[in-house]
Structure formats: C-alpha cells, structure tokens
Amino acid sequence: MNSAPYIHVAPSTQRIMWQVILALLPGVILLCLFDGTRWIGQLSIAALTAVISEAAILLLRRRRDWLTRISDGSAILTGLLLAISMPVNAPLWLVAAGVFFAIVFAKQLYGGLGMNIFNPAMVGYAFLLISFPALMSQQSSEWLGLQTLWQEYDATTGATILDAARMQRIDSGDVGSLAAWHTPTMLVNAAWLIGAAWLALNRYLDWRLTISVIIAAAITSTIFWLNDSSAYLAPQAYLFNSAVIFGACFIATDPVTAATTNRGRWMYGALIGALSVCIASLGNFPDGFAFATLLANACVPLIDPLTQPRYK
C-alpha cells in the first residue's frame with residue numbers, strides 16, 4: 001500500500017467527451033435498425049458542421065490552440081446530441097443550421113467550453129423548434145436508408161405520440177388510445193440508460209442528475225394522469241415516448257451547465273423533470289425537455305449558493 005500524500009488526477013476533458021460519445025453508440029445502433037441508416041448521414045453532417053463552426057470561430061478569435069480545442073470532442077458531442085434530438089427525416093440544412101447556432105451562439109460567444117451558461121444542444125433545439133415547428137414535429141413512419149440523403153424520396157410522416165396527445169387533448173380530450181407500449185422506443189431508451197449507467201460507474205457523470213430527472217418526471221406525469229386520465233398520457237407512456245430518458249442520461253448531466261453541489265444537483269434534476277412534464281402538458285409544445293433544461297440552467301446561479309455547505 002502506497003503512503004500519503006495521494007494525488008488524484010481527474011480525467012481530461014477530451015477523455016470525458018469521447019467516453020460520452022462512446023456511450024451513445026448502443027442507442028444510435030438501435031436507431032439505425034428501427035428508423036433507418038439515414039441516422040448515420042444525419043449524425044455525420046451534425047458532427048462535421050460542429051467541427052467546422054467551432055474551428056471558424058476559434059480562428060476568428062485567433063486562438064493558437066484551435067486544433068487542440070476542436071479535437072477535444074466537445075463540439076462533436078454537441079452536434080450529435082442535437083441531431084439525435086431531431087426527427088430522422090429532418091432536412092440536412094435544418095440539422096446544419098441548428099448545430100451552427102448551438103456552437104456559435106450558445107457556446108463560443110460565451111467564451112467556449114466551460115464558459116457557457118446554457119446547454120448548447122438544447123439552445124440549438126429550442127431555436128429550431130421555435131423557428132421551424134412543422135419540420136421538427138413530424139416523424140417518418142418508414143425506414144429511411146442512407147441514400148435518402150442525396151435522393152428524393154416519398155415517405156409517410158406523422159405526428160409523434162406526444163404531439164398527437166396534445167392535439168387529441170385539444171380536440172376530444174381523450175388520449176387513452178395513445179398510451180400503448182412501443183417496443184422499439186423502449187429498447188432505444190433502455191440503450192440510453194445502459195450507456196448512462198456505464199458512464200456513472202466510471203464516474204463520467206453524476207447519477208444524481210439522471211435519477212432526479214426521471215423521478216420528478218414520473219411523479220409529475222402521475223399527478224397529471226391521476227387528475228385527468230383522459231387528457232394526459234399515463235406516466236409510463238410519457239416517459240418512454242418523450243425526451244426524458246435521453247435527456248436525463250445525456251443532457252441534464254452536462255457538468256458545465258448543471259448545478260455543482262450534491263444537494264443542488266438533486267434540485268436541478270427535479271426541476272428539469274417537473275418542468276418538462278408541465279410544459280408538455282400545459283404548453284403549446286409537445287415535448288418540453290429543452291425549455292425545461294434552459295430554465296433550470298438559468299436557475300443554477302440561485303441553486304448553487306442555496307445548497308453550498310455551511311461551515312461554522
């Protein structure tokens with residue numbers, strides 16, 4: 001046994017980012033199997049746009065370490081997270097526009113990695129959802145191959161379960177027929193959870209953030225459902241058809257924009273989970289996770305001081 005002093009060496013930013021990207025792989029593979037290999041092209045475009053955008057801004061800022069910074073994986077991770085959050089049939093220009101906005105306006109204009117207040121991927125998603133709501137709410141009902149990136153194709157599109165629930169709640173007030181289990185979606189969510197568990201075991205993410213988001217979302221959706229089961233999705237239907245699982249695993253766990261204290265992270269995650277359900281259930285957008293995350297980001301300067309340990 002070695003004697004003291006002990007020196008703890010934290011993993012580098014580059015290692016953390018690439019490990020998170022690796023944890024996304026099981027879910028991405030399942031997305032390709034269920035939705036189509038078009039995901040490969042969409043994710044590639046997102047990653048390429050992220051790297052080019054970040055390199056351009058760093059060169060404009062005359063950063064001599066620009067090559068090191070674009071290779072740390074943070075820009076690529078932002079692009080991948082945003083692309084996964086979008087429909088598989090999203091036009092490529094839409095993917096590129098969202099990633100560009102996320103990198104330039106939500107990350108680099110704040111000073112780069114570690115300086116941004118808001119989660120860049122969610123800023124890009126919110127920008128696209130507000131600007132192009134129709135394109136962001138239609139999901140392909142067919143399997144799309146990689147060739148659809150450069151060939152014209154006719155595919156049947158339909159509203160997501162959350163959007164259909166919102167419309168049915170407005171029209172007839174009955175969403176009971178939408179509460180069925182969807183096996184592919186459940187398997188993809190299971191893959192996200194497995195990836196997050198692996199990251200947590202290796203201490204690349206704080207499990208408190210993931211657990212608190214899911215618990216708060218489950219409790220809040222249960223309250224809505226118990227209040228009016230005909231107007232709101234059952235908790236299990238909401239959790240497995242919304243962005244809650246994916247967001248709890250890879251969005252809320254962003255160490256830069258999340259709360260920093262242990263108690264604060266429980267509060268931060270619970271705030272995201274509760275707000276996401278409230279926005280989806282009471283607002284005009286079918287999925288409120290992006291807006292919930294950004295609102296929670298804005299609350300971090302308040303959460304951290306309130307949860308700091310007090311020494312006498």
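Colleague: Where is the place of Arg203 in the chain?

Modeller: Helices here are DSSP runs of H or I of at least four residues, numbered from the N terminus. Arg203 has its place in the loop between α9 (183–201) and α10 (207–227). This is a predicted model, in which local features need pLDDT of at least 70 and side-chain atom pairs count only at pLDDT 80 or more, while totals for chains, interfaces and linings use all residues. Residues are numbered from 1 along each chain as its sequence is written, and side-chain values use heavy atoms, with hydrogens and water left out.

Colleague: Does Arg203 count as buried or exposed?

Modeller: Buried means under 20% relative accessible area, exposed over 50%, and partly exposed in between, with a 1.4 Å probe and protein chains only. Arg203 counts as exposed because its relative accessibility is 76%. Its C-alpha atom is separated by 9.6 Å from that of Pro11, 192 residues apart along the chain.

Colleague: What should helix α2 span?

Modeller: The expected span of a helix is 1.5 Å times one less than its number of residues. Helix α2 (residues 38–60) has 23 residues and should therefore span 33 Å, which agrees with its end C-alpha atoms being 33 Å apart. Arg62, which follows α2, has a positive phi, near 60°.

Colleague: Which residues make the nonpolar surface patch?

Modeller: Patches are made of residues with over 30% relative accessible area and no salt bridge; nonpolar side chains (Val, Leu, Ile, Met, Phe, Trp, Tyr) are joined within 5 Å, and like charges within 9 Å. A salt bridge is a side-chain nitrogen of Lys or Arg within 4 Å of a carboxyl oxygen of Asp or Glu. Here Leu22, Leu25, Ile29, Leu33, Phe34, Leu187 and Trp198 make a nonpolar patch of about 640 Å². The largest share, five residues, comes from α1. Leu22 lies in helix α1 and counts as partly exposed because its relative accessibility is 44%.

Colleague: Which residues lie nearest the centre of the second largest pocket?

Modeller: On a 1 Å grid over the protein atoms alone, a pocket is an open set of points with protein on both sides within 12 Å along at least five of seven lines; lining residues have an atom within 4 Å of a point. The second largest pocket holds about 650 Å³ of space. Its lining has 34 residues, of which Ile16, Tyr204, Thr253, Asp254 and Pro255 lie nearest the centre. Helix α4 (74–85) gives the most to this lining, with four residues.

Note on methods:
Helix = DSSP H or I, 4+ residues; strand = E, 2+ residues; numbered from the N terminus. Areas by Shrake-Rupley, 256 points an atom, 1.4 Å probe, with all protein chains shown as cover. 1 Å grid on protein atoms, 1.4 Å probe; cavity = no way out; pocket = protein on both sides within 12 Å on 5 of 7 lines; lining within 4 Å. Points joined across faces, edges and corners; volume = space filled by probe spheres on them.
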